[in-house]
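Here is a short report for a reader who is new to this structure. Take a look at the sequence and the model before reading on.

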Amino acid sequence: MKFALFTGCVSKGATRELMASTTKAAEGLGIDFVEMKAAACCGAGVISEQNPMLADALNARTFAIAEKQGLDIVTICSTCQGVLKKSECNIKGDAEYQKKINHLLQEGGHQYDGTTKIKHFSNILASDEGKALLKEKITRPLTGLKAAAFYGCYVLRPSELSEYDDPDNPTEMEDLFELMGATPVYYPSRIKCCGFPIVMMNKKASLEMAGNALVDAVESGADCVVTGCPLCHLNLDSYQPEIEKMISKKYSIPILHLPQLVALSLGYSPKELLMDKHIVSTRIFQKMFPSS
Amino acid sequence: MATFKIKRFNPEKQPEPYMEDFEYDVPDGATLLDCMNTIKWTMDGSLTYRMSCRSAICGSCAVKANGHAVLACQRQAEHLYDENETIKLEPLGNMKPIKDLVVDFTPFWDKIDKVKPYLETSSKPPEKERTQSPEEFRLIDDTSTCIMCGACYSDCHVLEVDDNFLGPAALAKAQRFVSDSRDEATLERVKNLSEYGGIWDCTHCGECVERCPKPARPFYRIKEIMTVALEKGVHNNDGARHALAFTSSVKHSGRLNENFLPLLSKGIFNIKGLLELVPIGIRMLLKGKIPPIFHKSVEDVDDIKRIFKKLNQ
């Protein structure tokens, strides 16, 4: 399997452990990820607040680059995934608009024909081929680990843009946990919003949303929360100390990126996956899965 | 045989709600509302809910089915079953239950009132009617389909934690007038809508788009108001500053500058706002998670700049 890797901005900045673990997971699985070094930021649904056509044009340019390489795009961020899919839908659903967008790209030597597919890493892993590959490569089953998925809104809603089978009741992440030997924990907040997009505008509401999800996961018996979105990771992990202060409860539940969990099952050590970079302690993983 | 687990509540008889099961052999094609009616008419006449048109026009019969708000008359019951052929029915969320499946819509209507859901004009009225071109109407066509059922309000994630938020229905209604070519209070509207509790408090979670039984799809309408607010120069708030700083960062390097974005969103002279960033900044610094100080551009950034320029940004 070979894909054009759309890294997103945050995996290169505040959540570098995501990029490091994605590289390890791909290496361990033998998947070829070709990093899209000339791709612009997806806009995170924010550029389109100012200029919807600009956001679509930048994303069409990204699609065109992948098309030129003859590759489908893989994302490692729920937000990037949802935003790219929205642009794809806007452009592919309107031939006249696609023409205008391509006119903008032309001078840069790009042309978007609408052939490249856009999938989140979890969708690749949850495919029959992905599951077979993962099953074959697991060297360290995550037996005894109770993992709670936190999907991230953008991969689920609007459902017409989602790559999941049943976005109101997805099971793809939990199926992967089971495949890796972990025990999935189902809890209502797993498909909720983490609140990150409004942390600058309404911090109290934002952290309360994240806090509710954390309490729900902990009270459902989870050892850790696993997310496919680095923005959810920021709110759930980096802000966890402030959330605990706000709700006067101390849970200290580690938050993992999905590629970290995958790479862990492939035999990589927590240190190699930069788990020591997390704000909330990930010591439980060093104890459960010491370096072999 | 399907099971309907219905949340019952009658404060005159007992203070706490409880669940009651009803078994019913659902005929092919029956809507959820058909089933609720049969349960009421043949099993328990005290079951209380709102309904009227049975045609997805009046917006009365929204309830929560297996955790998500739906318009009961619009959905076939069998499409809502869980794996045990069960439908759990509860009153809409984010509003106070009055009896069984009936909730108090007062906060919903108060917020609709707050966005002034009527045309405001100050110029001299024309001799005949105020007309619109088909293109002008298209801008408000989707939001005009809202039937005020409350499904979006019920499932809104922000309203679960902050009842000051205007919510998706009121904001969609606001777009109906912000984008109306005949309205003459656009600037004042977007100024009010940019206040705390308005457009910038929406998390983009898309839940309202998913629950909306009509093409109104509030989140997309909220984004349309954001665009107008930014165009009209209503920039003195965290949300607008965040959007402008984000776009400017991508314009210069092709990617987001995570170090500057929080500072510019708060405003560089906003001492109180900047102090709020200190704890997270220190935590990130201590863990070596601060994004690189020297912000690198993506390859071929000139092409990205060219696209910005072409679109006058």
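## The contact between the chains

How many residues does the contact take from chain B and from chain A? It takes 62 residues from chain B and 67 residues from chain A. The model is predicted.

The size of an interface is often given as the accessible area lost when the parts come together. Here, chain B and chain A bury about 5,700 Å² between them. Carbon and sulfur atoms account for 57% of that area. Three residues stand out on chain B: Val161(B), Arg283(B) and Lys289(B). They supply 11% of the area that chain B buries against chain A, more than any other three residues.

## Polar links and the makeup of the B side

Eight salt bridges are found across the interface of chain B and chain A. In one salt bridge, the side chain of Arg61(A) meets that of Asp303(B), at 2.7 Å from N to O. Polar contacts are counted too: 31 residue pairs between chain B and chain A, both residues at pLDDT 80 or more.

Which elements give two or more residues to the side of chain B that touches chain A? They are α7 (207-211), α8 (218-231), α9 (238-253), α10 (260-266), α12 (278-286) and α13 (301-310) of chain B. The largest share, eight residues, comes from α9(B). By class, this side of chain B has 28 nonpolar, 13 polar and 21 charged residues.

## A mixed sheet in chain B

Chain B has an open sheet of five strands in the order β2-β1-β5-β3-β4, with mixed pairing. Why is one side of β2 (18-24) and of β4 (68-71) of chain B left without a neighbour in the sheet? Both stand at the edges, each with a single partner strand, so one side of each has no neighbour there. From one strand to the next, the twist averages 35 degrees.

Strand β3 (residues 62-65) of chain B runs antiparallel to β4(B), and four bridges join them. Ala65(B) stands opposite His68(B) in β4(B). Helix α1 (residues 32-43) of chain B lies across β1 (2-8), β2, β3, β4 and β5 (86-90) of chain B. This helix runs at about 95 degrees to β2(B).

## A parallel sheet in chain A

In chain A, four strands form an open sheet in the order β6-β5-β7-β8, and the pairing is parallel. The edge strands β6 (183-185) and β8 (255-257) of chain A each pair on one side only. Neighbouring strands are turned by 40 degrees against each other on average, direction ignored.

Strands β5 (residues 146-150) and β7 (residues 224-227) of chain A pair in the parallel sense over four bridges. Ala148(A) has Val225(A) in β7(A) as its bridge partner.

Note on methods. Residues numbered from 1 in each chain as written. Chains lettered and ligands numbered in written order. Predicted model: local features only at pLDDT ≥ 70, side-chain atom pairs only at ≥ 80, totals over all residues. Heavy atoms only, no water. Contact = heavy atoms within 4.5 Å. Buried area = accessible area lost by both parts, 1.4 Å probe. Salt bridge = Lys/Arg side-chain N within 4 Å of Asp/Glu carboxyl O. Polar contact = N/O pair within 3.5 Å; in protein donor to acceptor, adjacent residues only side chain to side chain. Nonpolar A, V, L, I, M, F, W, Y, C, P; charged D, E, K, R; others polar. Pairing = 2+ DSSP bridges. Axes fitted to C-alpha atoms, helices over the stretch in contact; angles between N-to-C directions.
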